[in-house]
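Work through the exercises below with the model open. Try each task before reading its solution.

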Amino acid sequence: MKTIKGLIAAGLAETEAARRIRRDENMSRVYAEYPELREIDSRIIDIRKDRLIAMIDHDERLAKRYDIEENNLISKREQIISDNDIDPDFDEEQSLCPKCGDTGFVKGKDGTLKVCSCKQAELEECYESCGLGDYSSFTMKNYRDDYLGDGQKRSEIKKQMLKVMLGVGDASSKALWLYSGAPQTGKTYLSVCITKTAISLGKSAFYTKCENLASLENDTLEDMKRIDFLIIDDFADDVTMHGDIGSVLNSILEIRTASGLCTILVSALPLADLINGCDMRVSGKLGRAGKIS
Ligand SMILES: [Zn+2]
């Protein structure tokens with residue numbers, strides 16, 4: 001599974017190459033238009049080399065002459081640049097994205113780092129690889145608290161889910177959480193949006209339906225034990241009794257809980273039913289889970 005930090009890092013070499021090409025193009029354009037600038041710059045480079053040799057030879061008089069010549073050239077250079085309105089940084093590598101300086105992350109109003117808008121393609125690729133490929137239209141921006149009635153309750157649950165995902169306040173005390181809510185109350189929509197939010201904050205995260213644990217590849221199941229944030233949706237007691245889902249789920253939860261990594265199980269069933277009907281190993285963990293409802 002891909003992480004957003006990994007995807008952004010993978011594009012870094014490309015970004016650096018693009019920055020260099022852009023700088024080289026700028027320089028050739030400016031030099032072609034102002035050949036005297038090219039001569040000055042190449043003379044400055046030569047002087048700096050000669051000055052270094054003079055310093056090694058301890059010839060301070062010569063070094064001083066080079067200093068004076070360089071300062072004169074720099075003044076002339078600045079004059080040409082300002083007279084002709086040339087970008088003074090034309091020979092510097094400049095960020096492709098002024099918002100994030102090509103780091104891929106910007107600071108939000110509250111000071112937290114968020115993936116920059118220039119990395120939208122990387123975000124989409126990451127969503128695709130993190131179980132969210134079928135939910136491209138689900139966005140937090142479109143999540144409406146009042147869409148399915150009881151807006152206040154939905155708003156409260158959204159806040160709880162965000163706190164749990166961020167591990168802030170009371171939510172930092174537990175790693176495993178159960179979000180139990182009646183059918184058709186927007187649980188999947190919210191779960192998908194919370195996973196996307198986690199990824200857009202730079203976390204490694206994954207969303208899956210509980211029944212799909214049986215069909216995911218081993219590598220993905222292994223990654224699931226280590227990522228920052230995991231949501232297992234449509235969690236139900238009978239699913240845990242199916243094939244080896246109970247044992248797969250148990251080993252994921254075991255390792256994640258021991259490492260303090262946040263997992264949210266999402267279910268339409270009440271806790272008591274889940275504890276009674278689940279695979280024994282999983283129900284033991286449910287009893288100690290934090291509750292979102
Ligand atoms: Zn950016």
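Predicted model: local features only at pLDDT ≥ 70, side-chain atom pairs only at ≥ 80, totals over all residues.

**Exercise 1: the zinc site**

The site of the zinc ion is tetrahedral, with angles of 108 to 112 degrees among its four donor atoms. Residues are numbered from 1 along each chain as its sequence is written, and side-chain values use heavy atoms, with hydrogens and water left out.

Task: find the protein donors of the zinc ion and their spacing in sequence.

Step 1. Collect the donors, meaning N, O and S atoms within 2.8 Å of the metal (3.2 Å for Na, K and Ca); water is not among the atoms, so sites may look incomplete. The protein donors are Cys97 (SG), Cys100 (SG), Cys116 (SG) and Cys118 (SG), lying 2.3 Å from the zinc ion.

Step 2. Read off the spacing. The pattern is C-x2-C-x15-C-x1-C.

Step 3. Cys100 sits in the loop between helix H4 (60-83) and strand E1 (105-107), and Cys118 in the loop between strand E2 (113-115) and H5. They are 18 residues apart and link distant parts of the chain. Helices (H or I, at least four residues) and strands (E, at least two) are DSSP runs, numbered from the N terminus.

Step 4. Classify the pair by relative accessible area: buried is under 20%, exposed over 50%, partly exposed in between (1.4 Å probe, protein chains only). Cys100 is buried because its relative accessibility is 7%. Cys118 has 36%, so it counts as partly exposed.

**Exercise 2: positive phi**

Task: locate Asp85 and Asp234, and classify their exposure.

Step 1. Asp85 has phi near 55 degrees, a positive value in a residue other than glycine. Asp85 is in the loop between H4 and E1. At 73% relative accessibility, it is exposed.

Step 2. Asp234 has phi near 50 degrees, again positive in a residue other than glycine. Its loop runs between strand E5 (229-233) and helix H9 (237-240). Asp234 is partly exposed, at 38%.

**Exercise 3: distances**

Task: how far apart are the C-alpha centres of domain 1 and domain 2?

Step 1. Domain 1 is 10-83 and domain 2 is 137-292.

Step 2. The centres lie 58 Å apart.

Step 3. Glu128 belongs to helix H5 (residues 120-132) and is exposed at 55%. Its C-alpha lies 26 Å from that of Asp145, 17 residues apart along the chain.

Technical notes
Domains from an automatic or database assignment. Tetrahedral: all angles 85-135°; square planar, octahedral: opposite > 155°, others 65-115°.
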